[in-house]
Amino acid sequence: STMAWQSAYGEACEEYGVKPRPELASAAEVLTVRLNGNCPERFLLRVDDHEAAALAKALAATNTVSELHLGYNAIGDEGTVALADMVRGNSSLQLLDLTSNNIGSEGARALADALMMNSSVGGLN
């Protein structure tokens with residue numbers, strides 16, 4: 001529901017000390033998240049580990065997103081591990097794009113483990 005997403009996102013952003021993005025904070029329901037960092041308007045506002053963790057927490061609480069596009073950002077192992085925890089229990093996620101981030105072996109391992117537990121994700125970039 002609208003309130004569920006907005007409160008989950010607001011609370012998660014507050015917990016991780018990140019500024020909520022207006023396009024997500026005002027969304028009624030989030031089915032697709034597009035926060036690719038390779039477009040001019042977001043190049044200087046790329047998603048980092050803290051924001052990835054906040055997003056993961058809000059998405060885990062609502063379980064409605066089917067596509068998560070986070071390519072070309074500044075997400076490292078910490079953010080990837082948080083996203084992996086969300087992926088593990090998410091039944092609605094079908095596509096996850098983490099192209100060109102700073103994911104190391106710890107994050108890659110966490111993501112691989114999570115994807116083995118998740119049968120809904122069909123696309124991974």
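Predicted model: local features only at pLDDT ≥ 70, side-chain atom pairs only at ≥ 80, totals over all residues.
Residues are numbered from 1 along each chain as its sequence is written, and side-chain values use heavy atoms, with hydrogens and water left out.

Q: What end-to-end distance do the C-alpha atoms of helix α3 show, and what should its 14 residues span?
A: Helices (H or I, at least four residues) and strands (E, at least two) are DSSP runs, numbered from the N terminus. The expected span is 1.5 Å times one less than the number of residues. For α3, residues 49-62, the end C-alpha atoms agree with the expectation: both values are 20 Å.

Q: How many of the 14 residues of α3 are buried?
A: Buried means under 20% relative accessible area, exposed over 50%, partly exposed in between (1.4 Å probe, protein chains only). The buried set includes D49, E51, L55, L59 and T62. Helix α3 is largely enclosed by the rest of the structure, because the buried count is 10 of the 14.

Q: Which residue caps the N-terminal end of α3?
A: A polar contact is a pair of N or O atoms within 3.5 Å; within protein, one must be able to donate a hydrogen and the other to accept it, and residues adjacent in sequence count only if both atoms are side-chain atoms. Here a side-chain oxygen lies 3.2 Å from the backbone nitrogen of H50. The capping residue is D48.

Q: At what angle do α3 and α4 pack?
A: Axes are lines fitted to C-alpha atoms, for helices over the stretch in contact, and angles run from 0 to 180 degrees between N-to-C directions. Angles under 35 degrees count as roughly parallel, over 145 as roughly antiparallel, 65 to 115 as roughly perpendicular and the rest as oblique. The axes of α3 and α4 are 8 Å apart, at an angle of about 5 degrees. That makes the two helices roughly parallel.

Q: How many nonpolar residues are in the contact of α3 with α4?
A: Contact means heavy atoms within 4.5 Å. Among the residues that meet are A52, A53 and L59 in α3 and A82, L83 and M86 in α4. Ala, Val, Leu, Ile, Met, Phe, Trp, Tyr, Cys and Pro count as nonpolar, Asp, Glu, Lys and Arg as charged, and the others, Gly among them, as polar. Alongside 2 polar and 3 charged residues, the nonpolar ones number 8.

Q: Which elements do the buried residues of α4 pack against?
A: The buried residues of α4 are G79, T80, A82, L83, A84, M86 and V87. They pack against α3, β2, β3 and α5.

Q: At roughly what angle do the axes of α4 and α5 cross?
A: Helix α4 covers residues 77-88 and α5 covers 105-116. Residues that meet include T80, A84 and R88 in α4, and A110, D113 and A114 in α5. The contact divides into 7 nonpolar, 3 polar and 4 charged residues. The axes come within 8 Å and cross at roughly 5 degrees.

Q: Which side chain does the side chain of R88 make a polar contact with?
A: R88 lies in helix α4. At 35% relative accessibility, R88 counts as partly exposed. Beyond its neighbours within four places in sequence, R88 is in contact with A110, D113, A114 and M117. At 3.0 Å, its polar side-chain partner is D85.

Q: Which backbone oxygen does the side chain of N73 reach?
A: N73 is in the loop between β2 and α4. With a relative accessible area of 4%, N73 is buried. The distance is 3.0 Å, and the oxygen belongs to L70.

Q: Which backbone nitrogen does the side chain of N101 reach?
A: N101 is in the loop between β3 and α5. At 15% relative accessibility, N101 counts as buried. Its side chain reaches the backbone oxygen of L70 at 2.9 Å. The nitrogen, at 3.5 Å, is that of A74.
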